[in-house]
Amino acid sequence: MKGIDRDRKVIISNKIRDLEGNVLSGPRELRYDTLVLAVGGRTNSFGTPGVEEFCQRLDNAKGAEKLRRRFLGQAIGVSLGRDPKIRIGIVGAGATGVELASEIYHTMTEIRAYGAKISSDQLAITIMEAAPMVLAGVGENVSAFAHKELVKKGIDIKTSCMIKNVTEKGFVLGDGSVLEKDIKIWTAGIKAHDWLNTLGLPTDKTNRLKVNEYLQTEDPSIYAFGDCAWAPNIKDPGKSLPASAQCAHQQASWLAKKLMNNLKGKSTKPFTFSSNGQLVSLGNTTAVGTVNGMVSSVSVQGKSAKLVYSTLYRMHQAALYGPIRAMFILMGDKLRGRALPQVKLH
């Protein structure tokens with residue numbers, strides 16, 4: 001996407017290239033009556049020097065695959081005796097950072113099961129978090145349980161930890177000390193893409209398009225939702241809705257009905273987000289989080305939380321692909337020995 005001509009209601013697309021860089025299609029124009037922007041977001045470096053150059057990020061499938069190959073390459077080096085350790089630093093102890101650390105630990109146990117000569121003390125994972133606790137915002141009990149489970153796995157956790165800059169060798173912390181790491185991963189914060197600022201529509205400081213309670217931008221023909229939109233939280237005036245898949249999923253379903261009602265000349269009530277809680281996987285058999293019921297919110301942890309996590313994951317697949325396809329996905333997972341979802345590094 002190169003831009004929008006709002007007066008003519010035209011999207012201007014850029015050149016489309018193949019993997020070798022050859023031009024498949026030149027710039028072109030696509031007309032629209034109603035435009036919905038759901039382009040997601042990317043990791044927010046907060047202007048920290050060195051993040052763009054030296055850190056791995058999980059903004060897309062390409063970034064995830066690059067990290068997977070980097071980790072496996074390092075693991076082979078250690079198994080062959082070429083490297084002494086796999087030293088991994090993860091900035092951000094939100095759901096992404098915590099799940100990623102747990103999945104890397106789980107992957108290491110699987111690698112050893114296939115015969116790799118890597119001992120548990122040859123994996124050194126450190127999570128760095130600016131807040132005073134991991135999973136800040138989900139409750140002290142939930143945070144404490146997650147912290148304890150991570151420490152059990154040998155994962156080092158540094159809270160109230162600021163990052164001054166990142167170098168090829170590692171992280172320069174707020175106190176000036178250097179934490180040397182071979183693989184540096186940044187999962188702290190999220191922002192929308194910079195090019196959204198070029199569309200002539202109001203945005204916030206993280207490039208998100210400002211929308212109203214009907215997910216409309218300043219231009220009534222253009223809607224936006226998900227990580228690329230700043231949407232007001234009707235239940236908590238003055239604050240925006242969370243940047244989560246759960247919220248985006250609800251927005252997508254609501255907006256589909258809203259657009260159909262527009263065609264039929266029917267009105268639609270403003271979008272209201274209903275949180276179902278938050279669950280974070282801590283590995284193959286453990287999870288932690290909160291589940292919101294009709295009366296109250298309940299904290300869950302351990303194997304029971306993992307069961308709920310897996311159930312909700314399968315329900316999400318059924319909503320996306322339909323129940324029949326989701327059933328075949330589940331059967332395939334079980335045939336591969338993956339009774340519970342492991343989606344970060346497999």
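**Exercise 1. How many salt bridges does a search of the whole structure find?**

Solution. In this predicted model, the search gives 14 salt bridges. Let's look at a few of them.

**Exercise 2. Which residues are linked with R8 in a network of salt bridges?**

Solution. Start with the pair R8 and D5, whose closest N and O atoms lie 2.9 Å apart. Next, bring in E29: D5, R8 and E29 are linked in a network.

**Exercise 3. Which parts does the salt bridge between E180 and R87 tie together?**

Solution. First, the distance: the closest N and O atoms of E180 and R87 are 3.6 Å apart. Then place the two residues. E180 sits in strand β13 (residues 178-180) and R87 in strand β8, so the pair ties together parts 93 residues apart in sequence. Now follow β8 (residues 86-91) onward: β8 pairs with β9 in the parallel sense over six bridges. Strand β9 (residues 123-128) is mostly covered, with five of its six residues buried.

**Exercise 4. Where is the pLDDT below 50?**

Solution. Begin with the chain as a whole: its mean pLDDT is 87, and 89% of the residues reach 70 or more. The value falls below 50 over residues 294-298, a stretch with seven contacts beyond near neighbours in sequence. Residues 338-346 also stay under 50, with 31 contacts beyond four places in sequence. Where pLDDT is low, the predicted coordinates should not be read in detail.

Definitions and conventions
Residues are numbered from 1 along each chain as its sequence is written. This is a predicted model: local features need pLDDT of at least 70, side-chain atom pairs count only at pLDDT 80 or more; totals for chains, interfaces and linings use all residues. Side-chain values use heavy atoms; hydrogens and water are left out. pLDDT is the predictor's confidence in each residue, from 0 to 100. Contact means heavy atoms within 4.5 Å. Buried means under 20% relative accessible area, exposed over 50%, partly exposed in between (1.4 Å probe, protein chains only). Helices (H or I, at least four residues) and strands (E, at least two) are DSSP runs, numbered from the N terminus. Two strands pair if DSSP finds at least two bridges between them. A salt bridge is a side-chain nitrogen of Lys or Arg within 4 Å of a carboxyl oxygen of Asp or Glu.
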